[in-house]
Amino acid sequence: MTGQSPAAAPFDAADHRFSSSLSADEFKALFRGHPGGVAVITADAGDGPVALTATSVSSVSADPPLLIFSISALSSSADVLSRAETVVVHLLDATDLDLAKLGATSGIDRFADTESWSRLVTGEPVFRDVRAWVRCAVIGRMDAGSSTVIAAHALQSQLNRDVEPGEAGDALVYHNRTWHRLGEHSRIR
């Protein structure tokens, strides 16, 4: 044994037959009660910038610095995100609620307000004055049902509003189809 784990086989739903499965409505009901942090993901694969709001962003590894997120095939940003080599993940707090709503609204030009965003020297669209953002190189994509899971390596970041360890902060979470602000009032001691 060399100490290396075997490469994971790609997931193919056709290879997995189960006698029963939750319905989409049952599955959604489970996760409505599971709050998620809020992020806006931007990219430009050469056709112009796109943005979407996501609650699926998770850190995977600190060394190397890796994160994952998923995008629905139904998202208007899915095509660009499936081709982009880099993305910017904006990690939001309650101050950024308007941006979260912008990224979650269908059928609008999310970049119409040219004062609210710019491009990094590397070309990616980035929104100004958010709590934090991280520019990432896409290192993998995996089809998962009607979504794509994207793995990304963190390359560059900017932290504008930090929270001291143990402090409540002003986090923005999405829970049961509603935006919520976490803070001192929501801390459980």
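Strands here are DSSP runs of type E with at least two residues, helices are H or I runs of at least four, and both are numbered from the N terminus; two strands count as paired if DSSP finds at least two bridges between them. Within this pair, threonine 42 sits opposite valine 88 of E6. The model is a predicted one, in which local features need pLDDT of at least 70 and side-chain atom pairs count only at pLDDT 80 or more, while totals for chains, interfaces and linings use all residues. Residues are numbered from 1 along each chain as its sequence is written, and side-chain values use heavy atoms, with hydrogens and water left out.

Zooming out, E2 and E6 belong to an open sheet of seven strands, in the order E3-E2-E6-E9-E10-E5-E4, with antiparallel pairing. Strand E3 (50–54) and strand E4 (58–62) each have a single partner strand, so one side of each has no neighbour in the sheet. From one strand to the next, the twist averages 30°. Helix H3 (residues 97–104) lies across E2 and E3, at about 110° to E3; axes are lines fitted to C-alpha atoms, for helices over the stretch in contact, and angles run from 0 to 180 degrees between N-to-C directions.

Now for the loops. The one between E4 and strand E5 (65–72) holds proline 64, which is joined to aspartate 63 by a cis peptide bond with omega at about 5°. Further along, the loop between strand E8 (125–127) and strand E9 (132–144) contains aspartate 129, a non-glycine residue with a positive phi, near 60°. Aspartate 129 is exposed, at 63% relative accessible area (buried means under 20%, exposed over 50%, partly exposed in between, with a 1.4 Å probe and protein chains only). Asparagine 176, in the loop between strand E11 (172–175) and strand E12 (178–181), also has a positive phi, near 55°, but is partly exposed at 43%.

Arginine 131 lies in the loop between E8 and E9 too. What is the nearest side chain of opposite charge to arginine 131? The answer is aspartate 162, 5.0 Å away, and the buried arginine 131 has no salt bridge (a side-chain nitrogen of Lys or Arg within 4 Å of a carboxyl oxygen of Asp or Glu). Lys and Arg count as positive, Asp and Glu as negative, and His and the chain ends are not counted. Setting aside neighbours within four places in sequence, arginine 131 has contacts (heavy atoms within 4.5 Å) that include Leu91, Asp93, Asp96 and Gln158.
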